[in-house]
Every structure is written in structure tokens, then in C-alpha cells.
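Here are my notes for you on this one, as numbered points. Keep the viewer open while you read and find each piece as it comes up.

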Amino acid sequence: MEKKKVVVGMSGGVDSSVAAYLLKKAGYDVIGVTMQIWQDEDAAAQEESGGCCGLSAVDDARRVANALEIPYYVMNFKREFKGSVMDYFAEEYLKGNTPNPCIACNRYVKWESLLKRSLDIGAEYIATGHYARVVRLENGRYTLMKSATAAKDQTYALYNLTQYQLAHTLMPVGEYTKDEIREIAKDINLRIANKPDSQEICFIPDKDYAKFITEYTGEEVKEGNFVTPEGKVIGKHKGIIHYTVGQRKGLNLAMGHPVFVLAIRPDTNEVVIGNADEVYSNKLYAGNLNFMSIEDLEGEMVVDAKIRYSHKGSKCTIRKVGEDKVECVFEEPQRAITPGQAVVFYDGDYVVGGGTILRDE
Amino acid sequence: MDKKIYLDNAATTATRPEVVEAMLPYFTEMFGNPSSIYEFASQNKKAVDEARTTIANSLNAEISDIYFTAGGSESDNWALIATAEAYASKGKHIITSKIEHHAILHTCEYLEKNGFEVTYIDVDEDGILKLDELKKAIRPTTILISIMFANNEIGTIQPIKEIGEIARENNILFHTDAVQAYGQLNIDVNALNIDMLSASGHKFNGPKGIGFLYIRKGLKLKSFIHGGGQERHRRAGTENVPGIVGLGKAAEIAMATLEERGQKEAALRDMLIQRVLTEIPYARLNGHRAKRLPNNANFSFQFIEGESLLIMLDMQNICASSGSACTSGSLDPSHVLLAIGLPHEIAHGSLRLTLSHNTTEEEINYTVDKIKEIVAKLRSMSPLYEDYVKNNLR
């Protein structure tokens, strides 16, 4: 029988390299692919850390593919990445939200465009080096299970995948700890074994989001007022794209006590400021829902919810309050619930589903 | 077919065995530095001179007007930047086309950042330069016209004679990037009024890392690589003697076989074009039907990703490309295909097949069969194609 073909998205980093190795060892016909998504030449010249899809990623990944003796290709997804990730990122910021571009990239670029092209060239699966596990439940549905090391778990950024996408996905790294993965990389003499993890938003290497958005959209960012929840004007802000909910630094407000961004109001171009205790809230609404372990949410369900990538998760009750809207009530108030970020629901180690946090109406 | 089918000769060619053989002694027993004074080294000087003579003869040029470089990109950079520097006092305007190789386009961008103005002339739907636009673009401050001899992606051959005449009438220097044309077409720098010409060894079955720039006597171009006094003080660095010998040998063979090889390749190319256009629906030929390099065919197939087609051809051991081979091997929409007016999505999905003297009819037939199969399979999975078929059956 012919071996099953799998396309491994390779960044040249340790995780995806070991993923390719593990799959080859498991008997798959492995093809390495690096996605080319945003670089221009100036960026390439300045590039230091690389991220998952930089030009150095191509060199590194090709070297690994050669070492593993697997075919390797670079596929161009610049158009798709611009449309689904960069445009979305900029638009959301202009609306006063704080988007997570990695989630959009996963859903639309990796698991839509890359999957499509992989199936086109005869593959049955795509695989990545994510710390997550694809499992099939007794109810027949596919879902994600947290990785063996909770600290490295990456299911949060993957909650938005569809059943079809999951059915065509392999994540071999999820069964291992990061240390084990580094150990395997060392055993098979991969040169990238000590490459640092990439963290930041890849297309904004200097981390200056506001500058990126102004240059990318060409929109003029208008100054506006800092206001109290009651509407009292207490100062001038530099433009809403400079702020995110929960932010304390860089406000330049002398109030005699620490103050925080409570909310951003794009309609009136206001940034709402308050005290530490006011940043906490026990309720959120989410839209753009995607359910994984269940087909749909019926009645109430008690779950753990993560409201940002670094959030530990907190117990809450969820119920639907509209066709595409969930209400999520936490047992303990949560700090800085941020519109635009994803909320992901877990039942133990399994992803139930998730959505995008909506702004209060 | 187990054997590899290589149809990417515009990217690079196999070095001919005779060329390798000619080079070998210059790695081993005849390793001397041509600049040394002893008899042992003079053989190397002689070998370099012979290669220079062969190349000069091939262009009807003066022997001392041939300068060896590390290849086409260096030659292009040198020609443009040194001309700009030498003639800046006369003017700071340069004219080129929209379909040049990046070695020209990016050098022009560099010059633009350094105070020069560049006009990029349009081409028509076949990729032929619009001569009326060229004439209109000329200013009193224009110091250089740089137009490629033949395009690397679509193979279109430019009206070089006419461009040379326009340049001469207006007293403007004329450089041509002949990297794709040299060795495939007869070139006479005097008859064509060419002042500078770039070429690269590995495009005509010579070694990589060696090329030349022809610079007509009397031009004030300065050295681009500074150092020793090699190449009449215009290109420093110890001569790449084995490379130069290989370049000379490759040029000699290319010139001796030019007519016969061109006819053979053109016949196979025409068969390839004929079969693809008649047997595959929604396929188009890019570039001029007749005024094209004898070894070049470039197609677009609607409703599919060019990248997937290339990968699947590779899986069948067929080496093809989308247009230009760049560092990453990944496809941006081709500036050449956009310039000839193809929409963005089609400019993404092109296939370039470039033949060599070794290409056989069997290989071409096998390749067309595979392209047919793969295009049909990709279209069967393409929602765009599905929509199109649905809407057109209604």
C-alpha cells in the first residue's frame, strides 16, 4: 500500500522539525513546506529573530528537510495572509479591539490555504509543530486536547479549526514535553535544537503596533479624550490604536494612584480610565463561535475559560443568548477582559469551543 | 519515466562535458596567477586572452572591450551604477523597461534612492517594448537606455536594432542585458549599436559564477570592484581562470551550434506550444508567438495555482518553473506577466518550460501528458473552476 502523504508546515524551528522527523519515523510520506507570507526585502535584510515564516525560516527549514531526506517546497501565501490576517489585524485595531492575528492565521492561512494546496498535491493531512493533540471523541467529533506539557499548550490559538480541518490534521509534538522535543532534536543532530521560541507578531518585528497600523492603513489616527466611566474628561490620548484594555503604562495621567484602561470607545474616540478594581469583571459575551467537542451548546455548561493566550483559565458557566452569541459568567471576576481577543472553553483538557470577545453594548 | 526531465534551462543549464574538460587543468597543474611574471603563469594569461578573443569575435566586438565578471547580475550592476556615476554631470535620467530582470530593476531602484530618475517603459501584450513611449521618454538629461535583449520569463525578443538606433540618434548610451539571449541569438554589437552588454556563463552551458560585460571603447566607466589592476584596471580580483576558460569554451560551442541547435529547439518548442494550446482548455501562451527565444514556452492555466502545478510536476520528475528562480523559490505574481496585462490571479499561475539541446521529443510528449493530467486534477478540486463551469453551462 502506498504510504499516506502528509505536508508538514516547517518553520525551521525545533518543534516543526521534530514533527517532520516523528511523522517520517511513523511511516508517513512526508513533504516539508514553508509558507511565505509577508516579507519584503527590507524586512529580510533587517530580520533578526525570524519568526515562523521569515526568510531565515526558509533556509533553516530547507536544511532540516535535507537532513531528514524529505522533499521540501516553499509555498507563497502572501495574498491570503494579507487578506485574512494583516487586513483583519489593522481593521480590528481601528475598531478599538485587540485582535489575535495568530488565530486568524491558523484558521484561514494554515488550515484553509495550506490545507487546500496540500490536498491539491495529493496529501491527506497537514501537520504542524503545535503543542496540542488532535483527538476523536466517542460522539464522533474531532477536538483538541491540551498538550502533555500544560505550560506549552497551544490549543488556545487553534480553537477556531473546523471539523473538516481537524480531520486532516496531525500534531505529533503534542504528545511530548518541550524538553523531550529538544532532546529528540539533539539526538537526531538537528542544528536548530537551541533556537529560541518565537513569540511576537511576526509581521511587526519591532512590536510597534500603532506605527504598523498607521503605515499599513494610511489612516490618520486622531487624538481623543481620556474619560472616567462617568464621562468626565481627564486628559488627552494619542489615538485609540495606542491602547488596549488593562493597560497601565504609557497613559501619562497623573491621578495620584495607578489607573488603567477600562474600555475603548471607537465611536466617540474615547479611552475610558479607571482604578485597579474596575478592570475586573465577571461576565463577557462572545461571538464568531466555533464548537469542537460538541456540535452546539445547549442549555448551560460549566467550563474553564481562557480569555487570552497567557491566561490560566477560570471556571465559568456558558449559555447561548443568540444564534452566534454566548454569555460567559465567571465565578471569580477576571482582569482585563479584552474585546477582540478569543475566549476558549475547556472541559478538562479538551477544547469545547470558543469565540471572539465582544464589546459591551 | 524514471529519468529526470529538465525543462528549466532559462534558470540554468548543464555545463557541457567539453567545457568541464577544458576547465579541469586550470584547477590542477595550471593553477598559476595570470598576473605573475614567470613563464608558468603566462599560460594562464594566454588562456584568459583566448577566451576573451572567442567572446569578442562572437559579438563582433574589440577584444579589449570584454571584461570578465562573476556573472550577469554583477555585469548589470556595474553597467548601470558606473554609467550613472560617470555621466551624472550630463544628466541623471535613465530609461529601462517594466519587464527587466531584477538585477536591472533593483539596481534602478537603488539609483533612484541616490538621486537618479528612472522611467520604466511599458510593453505590449506580447511583451514587446513600446518604441513610441521610449522616444517620448527621452529627455536632454537621459544618459542611459537599458533594455533586455530577450525576456527571461516569456522569452520575447526586443527590437534591439531599433532601440540601438534611437539611442544613437539621441546620443544616449545603450546597455542590454543579454543574459538569456547570448548563445541563443546572433548578436553584433556594432550593427545593433550596443554600447554595453551583460552575459552569464551558466545560461549557455558554461560554468556558474562567471560572466562578462562588454563595454564599448571610449566609455568612461570606472571600476566597480576596487583592488588590483586586473581587467585593464576596471575589475579587480585575481581572474577566475578555470571559469573564464569554461566561459570561452562554452561560447565557442554555443556559436558553432547556434543555428542548428536553435532550429531543433524551436521545432520541439512549437510542438509543445501546439499540443498544450490545443489539448488543454483555458490555457494561453505568454509572450510573442514568433519573436521569442527558440527554447522558451510560457503558459498560463486558468483556475489553478501555478505553485501546485510545479510541485506536482516535480513529483513526476519534471523540472519546470514559474518564471524566475529567486532566493526562496517561492512565487510572487510575476512583474513580467502583470506588465503584459495578465490579471493578478493568472500572473500567479504560470508555467515556464525552457528547452536545451538535449531535450527530446519523447520528453516533451511525456511532459505535455503530465501537464494535462495535473491541470485536470487541480481543476477538479478548484472551486473557481466549478463556479466557472456552472455559470457557463447555464
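1. Is A:Val259 buried or exposed? A:Val259 has 22 C-beta neighbours inside 10 Å, so it counts as buried, given that 20 or more are needed for that label. Bear in mind that this is a predicted model. You'll find A:Val259 in the loop between strand 9 (233-237) and strand 10 (260-265) of chain A.

2. Who touches A:Val259? Setting aside neighbours within four places in sequence, A:Val259 is in contact with A:Leu251, A:Leu253, A:Ile273, A:Gly274 and A:Asn275.

3. Now for a sheet in chain A. Five strands make up an open sheet, in the order 3-2-1-4-7, with parallel pairing. Strand 3 (72-76) and strand 7 (169-170) of chain A sit at the edges with a single partner strand each, so each has one side left without a neighbour in the sheet. As a reminder, strands of a sheet pair through backbone hydrogen bonds, either parallel or antiparallel.

4. Look at how strand 7 of chain A is attached. Two bridges join it to strand 4 (residues 125-127) of chain A, and these strands run parallel. If you want a residue pair to click on, A:Ile126 stands opposite A:Thr169 in strand 7 of chain A. Helix 1 of chain A packs on this sheet and touches strand 1 (5-9), strand 2 (29-36), strand 4 and strand 7 of chain A. The direction of helix 1 makes about 165° with that of strand 1 of chain A.

5. Helix 1 has a helix partner as well. Two packed helices are described by the angle between their axes and the distance between the axes. Helix 1 (residues 14-25) and helix 7 (residues 178-187) of chain A pack at about 65°, with their axes 10 Å apart. These two helices of chain A are therefore roughly perpendicular to each other, and helix 1 passes helix 7 in a left-handed crossing. On the helix 1 side the contact uses A:Val14, A:Asp15, A:Ser17, A:Val18 and A:Tyr21, which meet A:Ile181, A:Arg182, A:Ile184 and A:Ala185 of helix 7 in chain A. Sorted by class, that contact has six nonpolar, one polar and two charged residues.

6. Over to chain B. Here seven strands form an open sheet in the order 2-8-7-6-5-3-4, and the pairing is mixed. Its edge strands are strand 2 (66-69) and strand 4 (117-121) of chain B, each pairing on one side only. On average, neighbouring strands of this sheet are turned by 20° against each other, direction ignored. Helix 2 (residues 39-59) of chain B packs on the sheet, where it touches strand 2, strand 7 and strand 8 (211-215) of chain B.

7. Finish with strand 6 of chain B. Three bridges join strand 6 (residues 173-177) to strand 7 (residues 196-200) of chain B, and the two run parallel; B:Thr176 has B:Leu197 as its bridge partner. Strand 5 and strand 6 of chain B also pair in the parallel sense over three bridges, with B:Leu144 opposite B:Leu173. Why is strand 6 of chain B largely enclosed by the rest of the structure? Five of its five residues are buried, so that is how strand 6 of chain B ends up. B:Leu173, B:His175 and B:Asp177 are buried on one side, and B:Phe174 and B:Thr176 on the other.

Methods
Residues numbered from 1 in each chain as written. Chains lettered and ligands numbered in written order. Predicted model: local features only at pLDDT ≥ 70, side-chain atom pairs only at ≥ 80, totals over all residues. Axes fitted to C-alpha atoms, helices over the stretch in contact; angles between N-to-C directions. Helix = DSSP H or I, 4+ residues; strand = E, 2+ residues; numbered from the N terminus. Parallel < 35°, antiparallel > 145°, perpendicular 65-115°, else oblique. Left-handed = near helix turned anticlockwise from the far one by under 90°. Contact = placed C-beta atoms within 7 Å. Nonpolar A, V, L, I, M, F, W, Y, C, P; charged D, E, K, R; others polar. Pairing = 2+ DSSP bridges. Buried ≥ 20, exposed ≤ 12 C-beta atoms within 10 Å, placed from the backbone.
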